[in-house]
Amino acid sequence: MTYEKNEAYGLKIIELKETNERIGHAGLVPQRIIEEEQIEIDYWIAPNFLGMGYATEVAKALREYGEKELSLNKMISLIPIGNTASQKVAINIGMKKERD
């Protein structure tokens, strides 16, 4: 898989610049969907930091990095049904829902 060949993939710790406090993790993660490898924009923010824009900021940065540095023309986000906050993040960075 791509992850084993490239350190650009995988989850990384998210820290606040001001305090170095760890608030979550995010990264580009290879996923096998219907026998095809796809790259997921994956993120998790600690509950006490939700609603502050961090998820959108990191997801947007990952999308731009994937497009510009890794020449990825398609990335996905696997979002559980009912997770409206993550759905909004995906929409805010220009992603479109393909299926449930």
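**Entry 1: terms and model**

For the residue classes I count Ala, Val, Leu, Ile, Met, Phe, Trp, Tyr, Cys and Pro as nonpolar, Asp, Glu, Lys and Arg as charged, and the others, Gly among them, as polar. I am working with a predicted model, in which local features need pLDDT of at least 70 and side-chain atom pairs count only at pLDDT 80 or more, while totals for chains, interfaces and linings use all residues. Residues are numbered from 1 along each chain as its sequence is written, and side-chain values use heavy atoms, with hydrogens and water left out.

**Entry 2: the largest pocket**

I looked up the open spaces, taking a pocket as an open set of points on a 1 Å grid over the protein atoms alone, where a 1.4 Å probe fits, with protein on both sides within 12 Å along at least five of seven lines, and taking as lining any residue with an atom within 4 Å of a point. Grid points are joined across faces, edges and corners, and the volume is the space filled by probe spheres set on the points.

The largest pocket holds about 780 Å³ of space. It is lined by 25 residues, and Ser77, Lys96, Lys97, Glu98 and Arg99 are the closest to its centre. Two or more lining residues come from each of strand S3 (36–45), helix H2 (54–68) and helix H3 (84–92), where helices (H or I, at least four residues) and strands (E, at least two) are DSSP runs numbered from the N terminus. H3 gives the largest share, three residues. By class I noted 12 nonpolar, five polar and eight charged residues in this lining.

**Entry 3: the second largest pocket**

The second largest pocket has about 440 Å³ of space, and among its 24 lining residues Tyr43, Ala55, Ala85, Ser86 and Val89 lie nearest the centre. S3, H2 and H3 are the elements that give two or more residues to this lining, with S3 giving the most, six residues. The classes here are 14 nonpolar, seven polar and three charged.

**Entry 4: helix H3**

For burial I used relative accessible area with a 1.4 Å probe and protein chains only: buried is under 20%, exposed is over 50%, and partly exposed is in between. Ser86, Val89 and Ala90 are buried in H3. Seen down the helix axis, these buried residues fall within an arc of 100°, so they line one face of H3; the arc is that of the directions from the axis to the C-beta atoms. The face turned away carries the exposed residues Ala85, Lys88, Ile91 and Asn92. The buried residues of H3 pack against S3 and H2, contact meaning heavy atoms within 4.5 Å. After H3 comes glycine 94, with a positive phi near 95°.

**Entry 5: helix H2**

In H2 the buried residues are Ala55, Val58, Ala59, Leu62 and Gly66, and they cover an arc of only 100° around the axis, which puts them on the same side of H2. Glu57 and Lys68 are exposed on the other side of H2. What covers the buried residues of H2 includes strand S1 (10–15), strand S2 (22–33), S3 and H3.

I then looked up glutamine 38, which lies in strand S3 and is buried, with a relative accessible area of 11%. Leaving aside neighbours within four places in sequence, glutamine 38 is in contact with Val29, Pro30, Gln31, Ile33, Lys74 and Ile76.

Lysine 12, in strand S1, is partly exposed at 41% relative accessibility. Lysine 12 and tyrosine 43 are 31 residues apart in sequence and 9.2 Å apart in space, C-alpha to C-alpha.
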